[in-house]
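Please look over the sequence and the coordinates first. The text after them goes from the contact between the chains to single residues and elements.

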Amino acid sequence: MFWLIKFAMCTMMPRTDALPGIADTDLDGFLRKMKSESEPLYWTGLVLGALVFVITPLITIGVPLPAFFLPMGLLQKHAERILGHRIYLLRQSALLVRLSAGMCWGADQSVRARFNLPPYGPDPGTFRTS
Amino acid sequence: MSHTAFQPPGPRVEQEFDYVVIGSGAGGATAAVTLARGGMRVAVIEAGPWRDPNDYPQTVYGAMRDMLDAWGSNFTRGRAFWPIVQGALVGGSTVINSAIAVRTPGDIFEQWERDHGVGGPVMADAMWRIQDDLERELHVEEVPEIALGRSNRLARKGADAVGYENHYMMRYVKGCRGDGQCLQGCRSDRKQSLNRNYIPEVLKRGGSVVSCAPVTRILFEGRRAVGVTGKFRHPQTKKRGAEFVVRAKKGVLVAASVTRSPLLLAKSGVKNRAIGKGFRAHPGAPVFGLYDDPVDMNTGATQGWASIAHREKPGFKLESLSLPLDMIAGRVAGTGNVLMERLTEFRHLAMWVQACRAETVGEVRSAWNGQPAVHYTLSRDDMVRFREGLYIVAATHAAAGAKAILPTIYGMPYKLLPNEVHKLKEAPLDPRAYISILSHLFGGCVMGKDPERSVCDERGRVHGYDGLHIADASAIPTNLGVNPQHTIMALARHWSEGILAEA
């Protein structure tokens, strides 16, 4: 399901002249980690959010195609509309994808450097064992 | 005595102490240290692991994984899905909060007495005396100049210009450096979260800490609580480990949190119609201000400014709150090139929040998977309050010199000019239009005189049971309208002193 999530995230956070996109970060590593470490409910919500993103162009822009097949202009329009859709569940599912993308993007060293922020160290995941 | 962490499947781990305290957050840790100082042998049982500052994560992802209950994926069931944020490690939410210390307002004790038959001036005097002690013990101090940061200063400037009472925060922090990392745990060890002081003191006084140990059931002999049981759970693999049984010679104190304490009582067979009822919260939401010069909101105290000028009427409090880039990135509205363009302005954003003193009452129930399900939808009156709070925040940004206001409300423009903030007065009253979180929770095991309407009495004793006490915010029967940690700790100490006096 990584490809599905990556597609949605890369659409939402593309590279621009001013900033790296999420594709410029270690998104694969992030998703691998998230899949193995997150609560099943969270991961399921993320997969469903990405799936909803892909299958709803008919609802958002009236085009009966999965989002993969949309040209860039229409894809951006679809992304914009689903995040602002009047159906709460639709926009919330897309919001979960965007929030998760933001966690990956905003923690990346090259992105943080653009904002004059120090790089993050590792998340050790350690705890007292005795 | 000792700290026992995760134990793999094998022989059952058994211990016996005078008192067993379930949970190690503001209530549990304070109750435990108070009993330990009184000469009792105390075991603290915590579902999460014990992490020290070197173990703390740095990223938002790491904080969700290592510090939040259920990865922060608990949310309200109702018209809107609003996340419920709670810590799940030794020290509880005191590790991940902004360490804000606010005395319990006097009107709260009057309200408790009037509506629930508990509290009143005697309790008020006792709690305030305890809060004096807590402030000394945990180094409560105003945010020092060096740690203020521009966001907090701008908030002060804006509120002064609008003309309402406001102040820099009093916090349980010793020598804050303004690292802006309160929400991921203070790696520089300045914040006085309770895993750094009270819990180690319990150990020094002969107590025990059992971590990675979610309690599944309270044990009873007749109607007397005599211990707890559960199975260890590994913090990373989530695998179950050995069974543990910790027996209590004198009593069990439940401080597992507003969402977990009621479920634990219910699963343990405690009969009381009020269990899970009376859930309340401070739902909060932000408004961003966009400034000409960089604000760099992550420089300085995470929450260094506040106002309770509107606490009584209309009913909200205001605070600064700095979120890290990896949280803001997904929080700023928009997508694609538009989102990336907006994110270039990150350094120029200041974020301040309103937290509504909501009167809505919800309920904590058990979901299909045994996890807490909080049923809660803000009433229209509360949404009016909520919206009014956002308007005041926006007006404060405008008065502080923001060149634009970012309300982040569905159905509203992305940016408002300073002379357009009045438009917020017409913002939607549908909770689904807002991205809000619930951080301050109350109720579920509320205290009161009437056993039909409350779970415990004004000394925290569960009605109809011996040796079973509540010691966390689940006992608080009303919304405080101020940050609750100081009240939770004072209540836990007040009740623990009562236990000692009876022993």
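What follows describes the interface and then some local features.

This is a predicted model, in which local features need pLDDT of at least 70 and side-chain atom pairs count only at pLDDT 80 or more, while totals for chains, interfaces and linings use all residues. Residues are numbered from 1 along each chain as its sequence is written, chains are lettered from A and ligands numbered from 1 in the order in which they are written, and side-chain values use heavy atoms, with hydrogens and water left out.

At the interface, 56 residues of chain B are in contact with 53 residues of chain A, where contact means heavy atoms within 4.5 Å. The two chains bury about 4,500 Å² between them, and 62% of this is on carbon and sulfur atoms; buried area is the accessible area (1.4 Å probe) that two parts lose on being put together, summed over both. Between chain B and chain A, 27 residue pairs are in polar contact, both residues being at pLDDT 80 or more. A polar contact is a pair of N or O atoms within 3.5 Å; within protein, one must be able to donate a hydrogen and the other to accept it, and residues adjacent in sequence count only if both atoms are side-chain atoms. The side of chain B that touches chain A draws at least two residues from each of helix H2 (60-67), helix H8 (325-331) and helix H9 (336-343) of chain B. Helices (H or I, at least four residues) and strands (E, at least two) are DSSP runs, numbered from the N terminus. H2(B) gives the largest share of that side, 6 residues.

The rule finds 2 salt bridges across the interface of chain B and chain A, a salt bridge being a side-chain nitrogen of Lys or Arg within 4 Å of a carboxyl oxygen of Asp or Glu. The side chains of Glu37(A) and Arg65(B) form a salt bridge at 3.2 Å, N to O.

Ser38(A) sits in the loop between helix H2 (27-37) and helix H3 (40-55) of chain A. Why does Ser38(A) count as buried? Its relative accessible area is 10%, and buried means under 20% relative accessible area, exposed over 50%, partly exposed in between (1.4 Å probe, protein chains only). A polar atom of the Ser38(A) side chain lies 2.8 Å from the backbone oxygen of Met34(A). Leaving aside neighbours within four places in sequence, Ser38(A) is in contact with Lys33(A), Trp43(A) and Trp71(B).

In chain B, Gln184(B) belongs to the loop between strand S7 (170-172) and helix H6 (198-204). Gln184(B) counts as buried because its relative accessibility is 2%. The side chain of Gln184(B) reaches the backbone oxygen of Gln58(B) at 3.0 Å. Beyond neighbours within four places in sequence, the contacts of Gln184(B) include Tyr120(A), Met67(B) and Pro324(B).

Ile108(B), in helix H3 (residues 106-116) of chain B, is buried because its relative accessibility is 0%. Ile108(B) and Thr478(B) are 370 residues apart in sequence, yet 7.8 Å apart in space, C-alpha to C-alpha. Not counting residues up to four places away in sequence, Ile108(B) also touches residues including Arg311(B), Arg357(B) and Leu480(B).

Helix H7 (residues 260-267) of chain B has the buried residues Ser261(B), Pro262(B), Leu263(B), Leu264(B) and Leu265(B). Among the elements that cover them are strand S2 (13-22), S9 and strand S11 (240-254) of chain B.
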